[in-house]
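Work through the exercises below with the coordinates open. Each task is followed by a stepwise solution.

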Amino acid sequence: MKRRDFFKYGLGSAGVAVSGGIGGGISEVRSVSDASYFHHPWWVREINRPKLGIDENVYSRFVARKNVFGSMAKYYGMDNLRELNRRSQEKTKKYYQENRPGYRLEDRALADAAWVISRQGGLNRGTRSWIRSFATTPEERGVDKYKADPPQAAHLIKTAARYFGAATTGVTMLDRRHIHSEERGKKIVFEKVEEPYEDDAKLVIPEKCKYAIAMTVLMPIDNIACSPTAISSAGSSMGYSRCEFLVAGLAEFIRGLGYTAIPSVNDLGSSVAIAVDSGLGELGRTNRLISPEYGPMVRLCKVLTDLPMTVDKPIDFGLMEFCKVCKRCAEACPSGCISYEDEPSFEVKGEWNNPGHKTWFEDSPKCLAYWQESTSGCSNCIAVCPWTKKDKTAIHEIVKAASAKIPALDAFFNSMDKSFGYGRQKSAEKWWKTNHFEYGIDTTQGKG
Amino acid sequence: MTMKDNNLYWIFKIRKRPFYIWLLRFLWVVWLVFWAEVALGSKAELEPKAFAISLVIFLVSFSAGLLLWVLGLRKFRKHKK
């Protein structure tokens, strides 16, 4: 049972035990219809539409190549890009010679190695293949496909997702505008077909895939706290590799139930938008998802499917008000790519932003340029966010709850967070001497 | 109570105090437990500054409360004589 639910369900169970017999108490708490272990904390409010609205006349499907990774040469210019790479290589050598902690051979080898599973997948490739790899279908087993009412199906999927490594899972009706219109030089289209497919010109998603399952994967907080070093980079890559395993496993599970599943990580569409719709968190100042349980310390992935499930609602836990006064990510950003504006707006910073939704848009090329400068990427904005916490002490839960309910305290909480030394860079050298959990994550976090 | 009883039992005497004193003592204990929990949790989280600050708050609060209690007790005993 979650710590935060102790009083709520503890008293509830006592009541059940008294009125219905001792045996009924625990099973009541863990019934499918209740499924309290998939609920957000009590201070998170469900809302009907995401808080930072969409301009219906402007928001549309994004061409994936416009993102900063797809158009680096265009945004920097070839000469600048070459110069950036040259400086990066020079610095890498210099750091080796200096034997600088966090940039040593072992640190960089770890960062590269943590990518290994993530590199097995791409848009409709490898672990992210849109078709079944080896799962036996119900037809092959000689049985009907899985049938359950939508709440039970949602519960089943969330349980399986947790088993494959999801920290939190949400379900939403797929808003097709979140899906890229074009990627890898091919159009992405919806057609009335039974199975997804790809040909020379297009990638086809069956129209029946109306549901999107969004999932968060917890990143190793002790790694990210070492940002910007190769140790923090290893934390990001570990997150991506675990996403890869998660979407591959969940997609095969759904196919094994007799339904279509399209697994995706950062490809195919905006995981952030789908996760916000699914109620996994709110958009923060970084224009990325902040989860109430884990802050920005998560990687996102998704699976599109035709399995009917109960959908979740977007949530509000006072993050927008907090981000307005905090600005810690903007202060900690060495490239200056994060907005200092008090209010979010519809005004984009460049072609790399998808217009038509309200947020604090980021200047992505500056961010990526610093990744090159630092020689090992950067996660400062994630490391310093006051919502990034381990949950070894109850004070974090108290502060989060108070912030959600009394926004007037946000500035005070932010300054206390700074005074207590949270978000300060940790030693990459000490990381190697720490007794880490498996995958560097504490899987009990956020679960009571 | 006889002399024989005195040899058989420990006898604790709790001085009668106004309600607000008991309330203050209760709040002091809650305050101490809270900061002790924060200190231990921060240590587990590998947050040295948070650990140090919460430990100092705990120790100062504990010592201050203890000092007030001892001073009050001494005053009471003097007054009794």
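**Exercise 1: a helix pair**

Find how helix 7 (residues 150–164) of chain A and helix 9 (residues 230–256) of chain A pack.

Solution. Step 1: the angle is about 145 degrees and the axes lie 9 Å apart. Axes are lines fitted to C-alpha atoms over the stretch in contact, with angles from 0 to 180 degrees between N-to-C directions. Helices are DSSP runs (H or I, at least four residues), numbered from the N terminus.

Step 1: Ala160(A), Ala161(A) and Phe164(A) of helix 7 meet residues of helix 9 of chain A, including Phe245(A) and Leu246(A). Contact requires C-beta atoms, placed from the backbone, within 7 Å.

Step 2: Nonpolar means Ala, Val, Leu, Ile, Met, Phe, Trp, Tyr, Cys and Pro; charged means Asp, Glu, Lys and Arg; the others, Gly among them, are polar.

The model is predicted: local features need pLDDT of at least 70, side-chain atom pairs 80 or more, while totals for chains, interfaces and linings use all residues. Residues are numbered from 1 along each chain as written, with chains lettered from A and ligands numbered from 1 in the order written.

**Exercise 2: a second pair**

Describe the packing of helix 4 (residues 78–98) and helix 13 (residues 364–374), both of chain A.

Solution. Step 1: the angle is about 35 degrees, with axes 7 Å apart. Step 2: by class, the contact has 2 nonpolar, 3 polar and 2 charged residues.

**Exercise 3: the chain contact**

How many residues of chain A are in contact with chain B?

Solution. Step 1: 8 residues of chain A contact 10 residues of chain B. Step 2: the chain A side divides into 4 nonpolar, 2 polar and 2 charged.

Key. Two residues are in contact if their C-beta atoms, placed from the backbone, lie within 7 Å. Helices (H or I, at least four residues) and strands (E, at least two) are DSSP runs, numbered from the N terminus.
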